[in-house]
Amino acid sequence: MGIRITGTGSYIPNSIEKNEDFHEHEFLNADGSSIDHPNEVIVDKFKAITGIVERRYADGQLTSSDIGFLAAQKAIEDANIDPEELDYIICAHNFGDVKANTVQSDILPCLASRVKHSLRIKNPKCVAYDILFGCPGWIEGVIQAQAFIKAGMAKKCLVIGSETLSRVVDKHDRDSMIYSDGAGATIVEETEEEGILTYETASFTYDEAYYLYFGKSNNQELSKDTRYIKMHGRKIYEFALNNVPQAMKTCLDKSGIDISEVKKILIHQANEKMDEAIIKRFYKLYKTPEPEGVMPMSIHKLGNSSVATVPTLFDLIRKKMLEGHTISKGDVIIFASVGAGMHVNAIVYRY
């Protein structure tokens, strides 16, 4: 028995927010004080570090479950399956449905139930639930889908990663420029061919649990009761470099695949410099040079859409929509991610 991703779909919002659009923002330090540099300098430095030139924001009438549904429709069509045959719908997100121009999260009912409702699935034995696992949520959902199939509890699962981070950012915080909106979806099912070979997953919480957290705005005049996504960027950077390459190596070693066979590494798109450093350190563990083009990047145009980044990237490559990158039958791919929790995970996959 093999367990494969047989269909993919993504929803990339139409609204583009360019770096220049932040030139008129009022960025402040965490204590509310003014930043000495003009916004043009702040934005240029941001681009040099993250690689982000623009990001996508969902239209006002759409929520996270809406765009998750739109991505799911495409994945179901791509896999050519009857949605009534789905055993599980697993929806990874972090903040639920946050409507435009509001601050309240809505997760009643859960987003997976909303997607199932929108898909008009009648089968009550199609179980719909959400997973809160930070940016690695979609990969963790795939790991869980694999477990259900291996246990004989399922044959077909829909795994979605959907997020509208633009609605939970503090516009007075420079870090707000990183985040974006989007959704990616995949069908995971039992097949006769190889697919998922091995996985690795871990949660580091002893010292690291609050590296990402909800905090007050940098603008001290705003309500202290409203919270926004915040992060300790330097700590996250160091954590990722110390833990993601090793998780990827552990995963690859378990598979028995040689490092030379890895064709692509699809890593969570959070920060270009950080991702480049992770890949360099990963190959250094094998004392081998990093191959050119092994790490496709979408962050330049799409920003960091959290749980949606990896499935969206995979969908773009599969459908030959990411210039310079293709995958062929039999290619070995590594999926990897790091995020709030702090969680780290990876999958070795034969395409």
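Colleague: Which residues does Leu-222 touch, not counting residues up to four places away in sequence?

Modeller: In this predicted model, Leu-222 touches His-172, Ser-217 and Tyr-228. Leu-222 sits in the loop between strand S9 (212-215) and strand S10 (228-231).

Colleague: Why does Leu-222 count as partly exposed?

Modeller: The relative accessibility of Leu-222 is 35%. Buried requires under 20% and exposed requires over 50%, so Leu-222 is placed in between, as partly exposed.

Colleague: How far apart are the C-alpha atoms of Leu-222 and Thr-205?

Modeller: They are separated by 31 Å, and the two residues are 17 residues apart along the chain.

Colleague: What makes Cys-110 and Cys-135 buried?

Modeller: The relative accessibility is 18% for Cys-110 and 16% for Cys-135. Buried means under 20%, so both cysteines count as buried.

Colleague: Where is Arg-114, and why is it called buried?

Modeller: Arg-114 belongs to helix H3. Its relative accessible area is 15%, which is under 20%, so the residue is buried. Leaving aside neighbours within four places in sequence, Arg-114 is in contact with Ser-65, Asp-97, Asp-106, Ile-107, Leu-108 and Pro-109.

Colleague: Which bond joins Leu-108 and Pro-109, and where is Pro-109 found?

Modeller: A cis peptide bond joins them, with omega about 5°. Pro-109 lies in the loop between strand S4 (88-92) and H3. Another cis peptide bond runs from Gly-341 to Met-342, with omega near -5°. Met-342 is in the loop between strand S12 (332-339) and strand S13 (343-350).

Colleague: Why are H2 and H3 called oblique to each other?

Modeller: Helix H2 (residues 64-79) and helix H3 (residues 111-118) pack at about 50°, with their axes 9 Å apart. Roughly parallel would need an angle under 35 degrees, and roughly perpendicular begins at 65; H2 and H3 are therefore oblique. Their crossing is right-handed.

Colleague: Which residues make the contact of H2 with H3?

Modeller: H2 contributes Ser-64, Ser-65, Gly-68, Phe-69 and Ala-72, while H3 contributes Leu-111, Arg-114, Val-115 and Ser-118. These divide into four nonpolar, four polar and one charged.

Colleague: Why are H5 and H6 called oblique?

Modeller: The axes of helix H5 (residues 233-255) and helix H6 (residues 272-285) cross at roughly 40° and come within 9 Å. Because an angle under 35 degrees would be required for roughly parallel, H5 and H6 are oblique to each other. This crossing is right-handed.

Colleague: What is the make-up of the contact of H5 with H6?

Modeller: Its residues divide into 14 nonpolar, two polar and three charged. On the H5 side they include Ile-236, Leu-241, Val-244 and Met-248, and on the H6 side they include Met-274, Ile-278, Phe-282 and Leu-285.

Colleague: Which value of phi does Lys-287 have, and is Lys-287 buried or exposed?

Modeller: Lys-287 has a positive phi of about 55° although it is not a glycine. Lys-287 lies in the loop between H6 and helix H7 (299-302). At 77% relative accessibility, against a limit of over 50%, Lys-287 counts as exposed.

Colleague: What is phi of Ser-306, and is Ser-306 buried or exposed?

Modeller: Phi of Ser-306 is near 55°, a positive value in a residue other than glycine. Ser-306 is in the loop between H7 and helix H8 (309-318). Its relative accessibility is 2%, under 20%, so Ser-306 counts as buried.

How values were computed:
Residues numbered from 1 in each chain as written. Predicted model: local features only at pLDDT ≥ 70, side-chain atom pairs only at ≥ 80, totals over all residues. Heavy atoms only, no water. Buried < 20%, exposed > 50% of the residue type's maximum accessible area, 1.4 Å probe, protein only. Axes fitted to C-alpha atoms, helices over the stretch in contact; angles between N-to-C directions. Helix = DSSP H or I, 4+ residues; strand = E, 2+ residues; numbered from the N terminus. Parallel < 35°, antiparallel > 145°, perpendicular 65-115°, else oblique. Left-handed = near helix turned anticlockwise from the far one by under 90°. Contact = heavy atoms within 4.5 Å. Nonpolar A, V, L, I, M, F, W, Y, C, P; charged D, E, K, R; others polar.
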